[in-house]
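Reader: I've got a structure open and I'd like to learn how to read it. Can you take me through it feature by feature?

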Amino acid sequence: MKKSKINLRKLLIVTLVMAMVLILVAVVFTRDKKVPGVADVCSEQVLVSNGDTLSGLLSEQGVNGRDINNIAEILKQEAGISTLRADSDKIIFMRPTDDAPVNKIVLACGPWKQVELSCGEDGRWSAQNIDIEKDTRVVKRRGEIKDGDSFYVAGIRAGIPAGVLADVYDLLAFEMDFERDVRAGQEFSVMFEENYCDGNRVDSGKVIAVSFDALRGHVEMFRFKKSDGTSGYYDAQGNGAVKSLKRTPINNARVTSSFSSKRKHPVLGFTRAHKGVDFRAGTGTPIPSAGAGKVVKKAKDRGYGNYIKIRHNGTFETLYAHMSKFAKGVNVGTNVKQGQIIGYVGSTGLSTGPHLHYEIIKGGTHVNPMTVKFPSIDNLDSQNKKDFIKYRERLEEASKLLGSDESLFIQL
Ligand SMILES: [Zn+2]
């Protein structure tokens, strides 16, 4: 009792805060959470296990062959479901009385989707898709890098789910080098969504804002929905935060050799320029493309081993060397998306151990991937920029309050 009172008070505080600060943002704290059709007395719930088939499960429930075929067809047509997922999908079979045939079936596929199949009086089955309403709350977690920490370790300690951290890595990989920009004492915060159903946390959602005091400087990003309905990430001034290329294609990989104009080559023994950056990673680690572009070279070379070169636009090219193998379907002329796997880490060519050698070529000249400035993909137009600045100021106000207590949340 006591606990729920405290929660209510916190909700009240948040409601008041939101009313004052985030006027544009709708806040709803109570919702009808209807779980369809589970109140039936004669119902049996089955968790799909390995080897189960829809027809097998239906037949166990006494559903006849003709109805089984109908149900399978309806599920495919109306809900796009043709197979069941073991240890995830749940099926509830319902009948009006203990000995009556099944007349209602609820298939729960994942936490947010249900299909309800009902048998009408004429014996015909029909399906209805039910989207479970998400109760999405935005929370904030703050952390600090301690001696010897990676950002990942510090993030988990701060209570940020691993999936959210992976998204943060992907976002910050445009701005930071996680090896050289991260030091003990640096602080960071992440605002992200948590999805609740019936008061229970089910999973986490999108990253709403990130702030990181990196060596390179204070990095900030905010998710913003533009007037056309699409969303993106922007810096405090409303410039597109997602850049055309990533500094570090492989998240969390350690830099073992930096870009330099002079270096003693570990295999050749004499001094020559190192025109890229080496990232240590195990053989077979997938290599994502640093940006969208077209594969212009896929070859085997004495020095580079198996390598791929991608042209991103008129200015930038990237090169990935020493691969153990190429990804299937990636050939000269293939258009790749940012993050698409193009090959796997190896030690082919002149290499002393498995690593990715990564080069960025700007206008035909090799540049240092860690310091080169990249153009933004998506800058806001002037009206969206104005709206963004207002939204960002309100979000920052709310963020201050969220930072004072981890149990507080807002709803956007
Ligand atoms: Zn190298």
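Author: Let's begin with what counts as a helix here: a DSSP run of H or I of at least four residues, numbered from the N terminus. G403 sits in one of these, helix 6. Keep in mind that the model is predicted.

Reader: How many helices and strands does the protein have?

Author: Six helices and 23 strands. The chain has 412 residues, and 31% of them count as buried.

Reader: Back to helix 6, then. How far does helix 6 reach from its first C-alpha to its last?

Author: Helix 6 covers residues 382-404, 23 residues in all, and reaches 34 Å, close to the 33 Å expected at 1.5 Å a residue.

Reader: And which residues of helix 6 are buried?

Author: The general idea comes first: an α-helix has 3.6 residues a turn, so residues three or four places apart point the same way. In helix 6 the buried ones are F388, Y391, R392, L395, A398, S399 and L402.

Reader: Is G403 buried, exposed or partly exposed?

Author: G403 counts as partly exposed because it has 14 C-beta neighbours inside 10 Å; the buried label takes 20 or more.

Reader: Which residues does G403 touch, leaving out those up to four places away in sequence?

Author: K140, R142 and S189. There's also V139: its C-alpha is 8.8 Å from that of G403, although the two are 264 residues apart in sequence. For the protein as a whole, take the contacts between residues at least 6 apart in sequence: 62% of them join residues at least 24 apart.

Reader: What does helix 6 lie across?

Author: Strand 6, strand 7, strand 8, strand 9 and strand 10, running at about 70° to strand 6.

Reader: How do I read the sheet those strands make?

Author: Strands of a sheet pair through backbone hydrogen bonds, either parallel or antiparallel. Here five strands form an open sheet in the order 6-7-8-9-10, with antiparallel pairing. Strand 6 (135-144) and strand 10 (231-234) are at the edges with a single partner strand each, so one side of each has no neighbour in the sheet. On average, neighbouring strands of this sheet are turned by 25° against each other, direction ignored.

Reader: What else packs on the sheet?

Author: Helix 5 (residues 162-172) does, touching strand 7, strand 8, strand 9 (217-225) and strand 10. The direction of helix 5 makes about 35° with that of strand 8.

Reader: How many bridges join strand 7 to strand 8?

Author: Nine, and the two strands run antiparallel. The loop between strand 7 (187-197) and strand 8 (200-214) holds D198.

Reader: What should I look at in D198?

Author: The backbone: D198 has a positive phi of about 50°, although it is not a glycine. D198 counts as exposed because it has 9 C-beta neighbours inside 10 Å. Compare D87, in the loop between helix 3 (65-79) and strand 2 (90-94). D87 is not a glycine either, and its phi is positive, about 60°.

Technical notes:
Residues numbered from 1 in each chain as written. Predicted model: local features only at pLDDT ≥ 70, side-chain atom pairs only at ≥ 80, totals over all residues. Buried ≥ 20, exposed ≤ 12 C-beta atoms within 10 Å, placed from the backbone. Contact = placed C-beta atoms within 7 Å. Expected span 1.5 Å × (residues − 1). Pairing = 2+ DSSP bridges. Axes fitted to C-alpha atoms, helices over the stretch in contact; angles between N-to-C directions.
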